[in-house]
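The sequence and structure come first.

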Amino acid sequence: MTRTALWVTLMPAVVLWLSGCSSGPATAPLTVAKDNRAEIVVTERGFEPAQVLVTHGRPVTLVVTRMTEMTCVTEMVMPSHGIRRMLPLRQPVEITFPCDSVGTMPFSCGMGMMSGAVMAR
């Protein structure tokens, strides 16, 4: 492999690393969802807030808005509910899902490097 080919191959990973994908989950405080609805903003640091507390037995709606291009969070994945939603820049995306039991439902970017969780009580 030539030096140019290697650079072209590695460049996307370098850009993502520099843009914040390697920094882990955002350190935003726990947010209690009002009426099981929560606003989440995607910034250079990831999902903010990264933790949302909801009440089980009622559907949950997350309104996720990506506010920066300097992030790898261009989609949100929640494997426990089969959710994979694209997050267009500066456009709120409503994600509604059932919450039938107590527990933690993790979510992340498509690469799994930035993450958060919905915690049902």
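## A cis proline and its loop

Pro49 sits in the loop that runs between strand 3 and strand 4. The model is a predicted one. In it, the peptide bond joining Glu48 and Pro49 is cis, with omega at about 0°. Glu48 also takes part in a salt bridge with Arg45, where the closest N and O atoms are 2.9 Å apart. Arg45 has a relative accessible area of 54% and is therefore exposed.

## Overall architecture

The protein chain contains one helix and 10 strands. Read from the N terminus, the order of elements is α-β-β-β-β-β-β-β-β-β-β.

Of the 121 residues in the protein chain, 42% count as buried. The accessible surface of the protein chain comes to about 6900 Å², and carbon and sulfur atoms hold 60% of that area. Among contacts in the protein chain with a separation of 6 or more, 55% are between residues 24 or more positions apart.

## The nonpolar core

The largest nonpolar core has 26 residues, and within this core Leu62 and Phe97 touch the most other members. At least two residues of this core come from each of strand 2 (37-43), strand 4 (51-54), strand 5 (60-66), strand 6 (75-78), strand 8 (93-97), strand 9 (103-108) and strand 10 (115-120).

Leaving aside residues up to four places away in sequence, Leu62 touches Ala38, Ile40, Met76, Met78, Val93, Glu94, Ile95, Phe97 and Val118.

## Strand 8 and its partner

Side chains alternate along strand 8. Strand 8 pairs with strand 5 in the antiparallel sense, over five bridges. In this pairing, Thr96 in strand 8 stands opposite Thr61.

## Salt bridges

Side chains of opposite charge can pair when their charged atoms come close. How many salt bridges does the structure hold? There are three salt bridges.

One of them joins the side chains of Glu94 and Arg37, at 2.9 Å from N to O. This pair links distant parts of the chain, with Glu94 in strand 8 and Arg37 in strand 2, 57 residues apart. Glu94 has a relative accessibility of 45% and so counts as partly exposed. Arg37, with a relative accessible area of 38%, is partly exposed too. Another salt bridge brings together the side chains of Glu75 and Arg84, at 3.0 Å from N to O. Here Glu75 counts as buried because its relative accessibility is 15%, while Arg84 counts as exposed at 51%.

## The aromatic pair

The structure has one aromatic pair. Phe47 and Phe107 form this pair in an edge-to-face arrangement, 4.9 Å centre to centre and with 85° between the planes. The two residues link distant parts of the chain: Phe47 belongs to strand 3 (residues 46-48) and Phe107 to strand 9, 60 residues apart.

Are the members of this pair buried or exposed? Phe47 counts as buried, at 0% relative accessibility. Phe107 counts as buried at 1%.

Strand 9, which holds Phe107, pairs with strand 10 in the antiparallel sense over six bridges. Met105 stands opposite Val118 in strand 10, and Val118 is among the residues that Leu62 touches. Strand 9 and strand 10 form a hairpin with six residues between them. In the turn, Gly112 has a positive phi of about 75°.

Asp35 is not a glycine, yet its phi is positive, at about 55°. Asp35 lies in the loop between strand 1 (30-32) and strand 2. Asn36 lies in the loop between strand 1 and strand 2 as well. Its phi is near 60°, again a positive value in a residue other than glycine.

Which of these residues is exposed, and which is buried? Asp35 is exposed, since its relative accessible area is 61% and the cut-off for that class is over 50%. Asn36 has a relative accessibility of 2% and therefore counts as buried, the limit being under 20%.

Technical notes: Residues are numbered from 1 along each chain as its sequence is written. This is a predicted model: local features need pLDDT of at least 70, side-chain atom pairs count only at pLDDT 80 or more; totals for chains, interfaces and linings use all residues. Side-chain values use heavy atoms; hydrogens and water are left out. A nonpolar core is a set of buried Ala, Val, Leu, Ile, Met, Phe, Trp, Tyr and Cys residues joined through side-chain atoms within 4.5 Å. Buried means under 20% relative accessible area, exposed over 50%, partly exposed in between (1.4 Å probe, protein chains only). Helices (H or I, at least four residues) and strands (E, at least two) are DSSP runs, numbered from the N terminus. Contact means heavy atoms within 4.5 Å. Accessible areas come from the Shrake-Rupley method with a 1.4 Å probe; for residues, only the protein chains shown count as cover. Two strands pair if DSSP finds at least two bridges between them. A salt bridge is a side-chain nitrogen of Lys or Arg within 4 Å of a carboxyl oxygen of Asp or Glu. Rings of Phe, Tyr and Trp (its six-membered ring) pair if their centres lie within 6.5 Å; planes under 30 degrees apart count as stacked, over 60 as edge-to-face and the rest as tilted.
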